[in-house]
Amino acid sequence: MEVTNRYITIKSPLDDEEPKESDFELKTSPLALSVSPGSSDVIVKNLYVSIDPYQLNRMKSFSSSHKAISYAAAIAPGDEIDAYGVAKVVASGNPEFEKDDLVVGLISWGEYTVLKEGTMFRKFDPLGFPLSYQVGILGFSGLTAYGGFFEVCKPKKGERVFVSAASGSVGNLVGQYAKLFGCYVVGCAGSKEKVALLKAKLGFDDAFNYKEEPDLKSTLKKYFPDGIDIYFDNVGSEMLEAAVENMNTFGRVAVCGVISEYIDARKRAAPNMLDVVYKRIKIQGFLAADLMNVYSDFISTTVDHLRTGNLHVVEDISSGLESFPSAFIGLFRGHNTGKKMVKLADE
């Protein structure tokens, strides 16, 4: 059986500007839903695909991230865009996978993906949860939040934690993990609705709309009169500068992302390095791939919290192949709340 596989590509590199609909195009190609004898390919139908800000760096003609790790490699115009997601096997030449197996790993912004040998993917047990959880809270977003907070930040109970982009896929989980651990947590977001979500549903001690605060340094001083012990940074730029000024001695900064810089390279942060030196502040960047040593702890702890109702899942799901560009663009305009993903087919 042969189908027409539809997928999304970029037309040209997206260099230092906010992405727009016209940067993307829908392409088609014939795809046989069978595997040639001797091939170890696995053909899957994509179900849920993660939408992540870091992909913008991959779409640029140059980014220092391109050579840092394989999943940050550049995406050439016309090529399929690979991304983390959930899929169902439709044909397999690999004896470890059978038709109708559910898999999670690197699939594509398309309806089908041919998974070659060496591609990162595996079978999984849904554990009684919706399949979408594998893309977000039980996927790399969850691991990034859990490992970034506990492994990079090394929290102590009662410490004061600030989370930027706190209503996003990672930030909302960092805040929840921190509260469950026994920390005082303040988050920032870009609308009054998101601020209300953080305080009313997700249990943050306080939150503010950064768009209404012209002086971030004074704002953080107001919310943290006794200083910040841990800053989980998803933003960079002025937010990082303001947080460093308000950090306590031996404070820790976990740099998860710098989304403000992705669309404007001029917004590179310049924290006061005297503060960093004399307060002995630790600033550490990290990737989810660094955190696999805590994966089993992350899964067991998170599943326990989900089953007891202590962790809340916040997802933002668009439907259909054509929604990929708008879903992605929305990340840089503050349109998403929680984990952004695209649903392509029913479970």
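Start with helix 2, which passes helix 3 in a right-handed crossing (handedness is left if the near helix is turned anticlockwise from the far one by less than a right angle, right if clockwise). The model is predicted: local features need pLDDT of at least 70, side-chain atom pairs count only at pLDDT 80 or more, and totals for chains, interfaces and linings use all residues. Residues are numbered from 1 along each chain as its sequence is written, and side-chain values use heavy atoms, with hydrogens and water left out.

**Stop 1: helix 2 against helix 3**

Select 140–152 for helix 2 and 171–181 for helix 3. Helices here are DSSP runs of H or I with at least four residues, strands are runs of E with at least two, and both are numbered from the N terminus. The two helices pack at about 45 degrees, and their axes are 9 Å apart. Each axis is a line fitted to C-alpha atoms over the stretch in contact, and angles run from 0 to 180 degrees between N-to-C directions. Helix 2 is therefore oblique to helix 3 (under 35 degrees is roughly parallel, over 145 roughly antiparallel, 65 to 115 roughly perpendicular, the rest oblique).

Now show the side chains in contact (heavy atoms within 4.5 Å). From helix 2, pick Ser 141, Gly 142, Ala 145, Tyr 146, Phe 149 and Phe 150. From helix 3, pick Leu 173, Val 174, Tyr 177, Ala 178 and Phe 181. By class, this contact has nine nonpolar, two polar and no charged residues. Ala, Val, Leu, Ile, Met, Phe, Trp, Tyr, Cys and Pro count as nonpolar, Asp, Glu, Lys and Arg as charged, and the others, Gly among them, as polar.

**Stop 2: Lys 154**

Go to the loop between helix 2 and strand 8 (160–163), and select Lys 154. Its phi is positive, near 50 degrees, in a residue other than glycine. Most residues other than glycine have a negative phi. Lys 154 is partly exposed, with a relative accessible area of 46% (buried is under 20%, exposed over 50%, partly exposed in between, with a 1.4 Å probe and protein chains only).

**Stop 3: Asp 100 and Lys 99**

Asp 100 sits in the loop between strand 4 (82–92) and strand 5 (102–108). Here too phi is positive, about 80 degrees, and the residue is not a glycine. The side chain of Asp 100 meets that of Lys 99 in a salt bridge, 3.7 Å from N to O (a side-chain nitrogen of Lys or Arg within 4 Å of a carboxyl oxygen of Asp or Glu). Lys 99 is exposed at 57%; Asp 100 is partly exposed at 46%.

**Stop 4: the other salt bridges**

The model's count comes to 19 salt bridges. Select Lys 217 and Glu 245, paired at 3.4 Å. Lys 217 lies in helix 5 (216–223) and Glu 245 in helix 6 (237–245), so the pair ties together parts 28 residues apart in sequence.

Next, pick Glu 322 and Arg 6, which meet at 2.7 Å, N to O. Glu 322 is in the loop between strand 14 (315–319) and helix 10 (324–331), and Arg 6 is in strand 1 (2–10), 316 residues apart. Arg 6 is partly exposed, at 25%.

**Stop 5: helix 10**

How many of the eight residues of helix 10 are buried? Seven are, so this helix is largely enclosed by the rest of the structure. Select Phe 324, Pro 325, Ala 327, Phe 328, Ile 329, Gly 330 and Leu 331 to see the buried residues.
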